Amino acid sequence: MQPLALKDWYETFNRNAGDLYPGRYTREYTSRLTDTARRVRELAQRKRSLIVAHNYQFPELQEIAVEVGDSLGLSRYVAKQTAPRVDFCGVWFMGETAKTIMGERAKVYMPDKPGCSLVDSIDRARLMHWKESFPDGVVISYVNTDAATKAISDYICTSRNAAQVLDHAAKANPGKRILFLPDKFLGSVSISQSEIVDPSLVDLYDGFCHVHAKIGETALEEAFDRYPEAELLIHPECGCASHCMARVMQGNSPYQKAFFLSTEGMVHHAARSGAREFIVGTEMGMVYRLRRRMPDKVFHPVSPEAVCEYMKMNTLEKLLDSLEQDRIEVTIEPETARKAQLAIDRMLSIQ
Ligand code: SF4
């Protein structure tokens, strides 16, 4: 994204995010935001900090960041940098992943300490019970998990490569049971996309993200009715995923225009597609990123309810406070970090 001059924030936010966050970007509030942004930039420069923001962050955080992306993309980005400090605008497990990858090379700070319903859906006792029941079993965890879960996982996957990791794990461990966690919707789509010969060997943990679970069949049908010409970009964590995948496989209209994509995949697909109009089936913040990146195309949020209140706990004001006070530093117990890194490395070696 081209850096946006502070004087253009009011107009740009209202044009690209006025419908996403109605009433938020008044002249007065946007003027306060730009004052805060100036101080954030000064302090980040003085402290040699890299500010990075997840796709689901508010527009002002996406604009102040040097890089915007998904959790793994951001971790890969910061891993290549030499800055001694990172201010990570996302939820806590993302800060943990960045810290795991960067180790002692940089300190990682966050504006707040937001949780995540998907991570909270993991019950440690149940997970350990499965491992005891299947001592040879293979655990595949989505990157959207806490460091402690990553540390007891054999593989980590993202929404981009989940089917590929499933295939690899099944071939490398013939006949063994596999537990895919925590997202049941992503797990079910990934099994459909994989080449696994015996899907009955895969146990799906029944966790979900409350934001994506709300994006159900009705929301899709209504969006297609409103925008019949649009392509649907759908995140595999969505509650409608299995229904949508079945329709896609049957080639039912209008589902031949539906594409299962990670958030980075949505950017690449929309940029290459001949279509001009898209329905975005994920959290609202992604719509802002797509609109800013491709101003000549039209992006509609699938539902006004697709807002993650955890992601939105981060604000520009809190980011300034974090830079001033160094309050919330991400730390991980070294043995947990070492084991989590092993699982992440195994995933990276598959790609
Ligand atoms: S949208 Fe929010 S609740 Fe859902 S996985 Fe992302 S951070 Fe967690």
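Which residues does tyrosine 10 touch, not counting residues up to four places away in sequence?

## Tyrosine 10

Tyrosine 10 touches Tyr25, Arg27 and Thr30, with residues up to four places away in sequence left out of the count. The model is predicted. Tyrosine 10 sits in helix 1, which spans residues 9–17.

Is tyrosine 10 buried, exposed or partly exposed? It counts as partly exposed because it has 17 C-beta neighbours inside 10 Å. A buried residue would need 20 or more, and an exposed one 12 or fewer. Tyrosine 29 lies 19 residues away from tyrosine 10 along the chain. The C-alpha atoms of these two tyrosines are separated by 9.1 Å.

## Domains and their contact

The chain is divided into three parts: domain 1 (6–114 + 310–325), domain 2 (118–210) and domain 3 (215–301). Between the C-alpha centres of domain 1 and domain 2 the distance is 31 Å.

Six residues of domain 1 contact seven residues of domain 2. On the domain 1 side, helix 4 (71–79) and helix 5 (92–102) each supply at least two residues. Helix 5 gives the largest share, four residues. By class, this side of domain 1 has two nonpolar, three polar and one charged residues.

## Helix 12

Helix 12 covers residues 217–226, and its buried residues are Ala219, Leu220 and Ala223. These cover an arc of only 100° around the axis, so they fall on the same side of helix 12. Thr218 and Asp225, on the other side, are exposed.

What do the buried residues of helix 12 pack against? Their partners are strand 9 (231–234), helix 13 (241–250), strand 11 (277–281) and strand 12 (298–301).

Definitions and conventions
Residues are numbered from 1 along each chain as its sequence is written. This is a predicted model: local features need pLDDT of at least 70, side-chain atom pairs count only at pLDDT 80 or more; totals for chains, interfaces and linings use all residues. The arc is that of the directions from the helix axis to the C-beta atoms. Two residues are in contact if their C-beta atoms, placed from the backbone, lie within 7 Å. Domain bounds come from an automatic or database domain assignment. Ala, Val, Leu, Ile, Met, Phe, Trp, Tyr, Cys and Pro count as nonpolar, Asp, Glu, Lys and Arg as charged, and the others, Gly among them, as polar.
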